Amino acid sequence: MENKLYQNRTFDTIDYADQSLSHTEFVNCEFVNCNFSKSDLSHNDFLDSTFKNCNLSLATLKNTGLKNITFLDCKLMGLDFSSCNSFLFSMNFKDCLLDYSTFIYKKLKKTKFTDCSIKDVDFSNTDLSLAIFKNCDLSNATFVESNLEQTDFRTSRNYTFDPSENKIKKTKVSHTALAGLLEKFDLEIE
């Protein structure tokens, strides 16, 4: 199958819902107001690209390359990022809805999550060292055997994780979150 290449292009208001796209490479492209919900984006590569006000909810990302990608005001619900190609995998998120997604075993070192809803997201076995969660809602997010070293949670809310099950050296948390971090000990904190 022949690969297609798009460079320095803007894709605006494209509805690709429930469709399949594969073996295409997008370099330095911008996607604006596009709908990729329930689409199959497997075996594509996105490099140095931006998604603005797009819906990728429930899209299939098997072996998809996401390299230096910025998501702005996007709906990314129920995505399995753990099935993406790990080579140069890197993203940042601002004003995004990431609920019910999974990042199991991914390297998200230095990733920035700003003003995002990250409810019921699975970060098990994920490297989030030096990541920043700025003003995010992490209700029911799962952190098990995750690297949270120097991760900054200070301005976020509703996060809980077991310090004995994660790497937490120099993790930054707010004093109001301490009860959630000690939840398994069933302490009565006043």
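Reply: Let us begin with serine 42, which is buried at a relative accessible area of 6%. Buried means under 20% relative accessible area, exposed means over 50%, and partly exposed lies in between, all with a 1.4 Å probe and protein chains only. The model is a predicted one, in which local features need pLDDT of at least 70 and side-chain atom pairs count only at pLDDT 80 or more, while totals for chains, interfaces and linings use all residues. Residues are numbered from 1 along each chain as its sequence is written, and side-chain values use heavy atoms, with hydrogens and water left out.

Serine 42 belongs to the loop between strand E4 (30–32) and strand E5 (45–47). Helices (H or I, at least four residues) and strands (E, at least two) are DSSP runs, numbered from the N terminus.

The whole structure holds 1 cavity of 30 Å³ or more, and the largest cavity has a volume of about 50 Å³. On a 1 Å grid over the protein atoms alone, a cavity is a set of points where a 1.4 Å probe fits but cannot get out, whereas a pocket is an open set with protein on both sides within 12 Å along at least five of seven lines; lining residues have an atom within 4 Å of a point. Grid points are joined across faces, edges and corners, and the volume is the space filled by probe spheres set on the points. The lining of the largest cavity includes Leu41, Phe46, Phe51, Thr64, Phe71 and Phe81. This lining divides into 10 nonpolar residues, 1 polar and no charged. Here Ala, Val, Leu, Ile, Met, Phe, Trp, Tyr, Cys and Pro count as nonpolar, Asp, Glu, Lys and Arg as charged, and the others, Gly among them, as polar.

The largest pocket has a volume of about 150 Å³. Among the residues that line this pocket are Lys4, Tyr6, Phe11, Ile14 and Phe36. By class, the pocket lining holds 8 nonpolar residues, no polar ones and 1 charged one.

Aromatic rings form a further topic. A search of the whole structure finds 30 aromatic pairs. Rings of Phe, Tyr and Trp (its six-membered ring) pair if their centres lie within 6.5 Å; planes under 30 degrees apart count as stacked, over 60 as edge-to-face and the rest as tilted. Phenylalanine 51 and phenylalanine 71 form a stacked pair, with 5.1 Å from centre to centre and 20 degrees between the planes. This pair links distant parts of the chain, since phenylalanine 51 is in strand E6 (residues 50–52) and phenylalanine 71 is in strand E7 (residues 65–72), 20 residues apart. Both partners are buried: phenylalanine 51 has a relative accessible area of 1%, and phenylalanine 71 has 2%. Tyrosine 159 and phenylalanine 161 have ring centres 6.5 Å apart and planes at 15 degrees, so this pair is stacked. Tyrosine 159 counts as buried at 3% relative accessibility, as does phenylalanine 161 at 5%.

Lysine 106 lies over the face of phenylalanine 89, at 4.7 Å from the ring centre. The rule is that NZ of Lys or CZ of Arg is within 6 Å of the ring centre and within 35 degrees of the ring normal.

Leucine 58, in the loop between E6 and E7, has a positive phi near 60 degrees and is not a glycine. Asparagine 68, in strand E7, likewise has a positive phi of about 60 degrees without being a glycine. Asparagine 68 is partly exposed, with a relative accessible area of 42%.

Aspartate 137 is in the loop between strand E10 (132–134) and helix H1 (178–181) and counts as buried at 11% relative accessibility. Phenylalanine 153 is also in the loop between E10 and H1, and is buried with a relative accessible area of 0%.
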